Amino acid sequence: MKLVSEHIILKTENLSIGYQSKKAQNVVASDIDIAIEKGKLVAVLGKNGIGKSTLLRTIAKVQKPLKGQVFINQKNIENINSLKLSKLLSLVLTERLPESQITVFELVALGRQPYTNWIDKLVPKDVEKINWALAQTEIEHLKDAFFYELSDGQLQRVLIARALAQDTELIILDEPTAHLDLHHTIKIFSLLKKLVEETSKTIILSSHEVNLSIQFADEMILFSENKIFTGTPPKLIEQNAFENLFPKDIINFNKELQQFVINRK
C-alpha cells in the first residue's frame, strides 16, 4: 500500500488505538502504519474484539487515537474541523436507527446536511445528488417508503445511498453485512465493488466475511493477534497472513482454494 503521496487518500503513522480512562489506557492495537490508495475497496478483517471497529472510528475522528496521527489527503485530521471532515469522509455505522416517520428519500437527503443552509433547504443540486445516489444503489423504487418498512438488505442500501449523497471521496462502513443473509451479503459486496469502479470513491469496510473479502476487495487490512498485515489478497495469501487468523480446530485456510474451509477431522 506504499505509493506516491498524491495517490494516497488515507494514511496513519505510528497509530495506537483503544480507550482512555482516568486511571489507564486500554490499548487495542498499536504501531499501525497504513496507506490506502484512492479508488480502492479495502476490507478490514479480524476476529471479534481485535480492533476493526475501533480503527474505523479512530480514522473517522469519532474517537481520539491514543498515539500517532491520521491523515486524509495529506492533512492531519486533528486540524480538520467537523464541517470540512464531513465533506471528505462519510461514515455508516451498525447502530439501529430510531423509530420515526422518515421516508427513504428524506433519509438519503440527510447526507446533504454538510452543504445545506441552517434550515436544511434542498437546492436543485442537492436533489440531483440524492436522486443519483438512489439510482447508484438501485433503490429509486423505494424513495417514498418509510424506512421502518424496509428489509435489512434494503436499509443497508439506503444507508450507503446516504453516504453517496454526502459526496465524499472516502466512505467508511462498519460491518455493513452484519444483519444480512448470504444472498444479501453478496449483493452488498457486489454493490460496493461496483461503486468503487464507477465512482472512483474509496470505500473501507470492516467485515467478518473473509472469503467474500478475498474475492471482492482490492486491498486488505488484516488484524492478527500479534501483527497487522496490509496488501492485496494474493499478496497476503502468499505471505501466509491468513494462517493464524482463527483457531485451527474448526477451520483452516486453503491456499489453493484461496478461502477458509471447515476442518473435517
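Reader: With which side chain does the side chain of glutamate 175 make a polar contact?

Author: This is a predicted model, in which local features need pLDDT of at least 70 and side-chain atom pairs count only at pLDDT 80 or more, while totals for chains, interfaces and linings use all residues. Residues are numbered from 1 along each chain as its sequence is written, and side-chain values use heavy atoms, with hydrogens and water left out. Glutamate 175 sits in the loop between β8 (170-174) and α6 (182-199). A polar contact is a pair of N or O atoms within 3.5 Å, one able to donate a hydrogen and the other to accept it, and residues adjacent in sequence count only if both atoms are side-chain atoms; at 3.0 Å, the partner is the side chain of histidine 208.

Reader: Which side chain of opposite charge is nearest to glutamate 175, and how far away is it?

Author: Glutamate 175 is buried, meaning under 20% relative accessible area with a 1.4 Å probe and protein chains only. A salt bridge requires a side-chain nitrogen of Lys or Arg within 4 Å of a carboxyl oxygen of Asp or Glu. Glutamate 175 has none, and the nearest side chain of opposite charge, 4.4 Å away, is lysine 52.

Reader: Why is lysine 187 classed as partly exposed?

Author: Lysine 187 belongs to helix α6. Partly exposed lies between the buried limit and the exposed one, which is over 50%. Lysine 187 is therefore placed in that class by its relative accessible area of 37%.

Reader: How far apart in space are lysine 187 and phenylalanine 253?

Author: In sequence, lysine 187 and phenylalanine 253 are 66 residues apart. From C-alpha to C-alpha, their separation in space is 24 Å.

Technical notes. Helices (H or I, at least four residues) and strands (E, at least two) are DSSP runs, numbered from the N terminus. Lys and Arg count as positive and Asp and Glu as negative; His and the chain ends are not counted.
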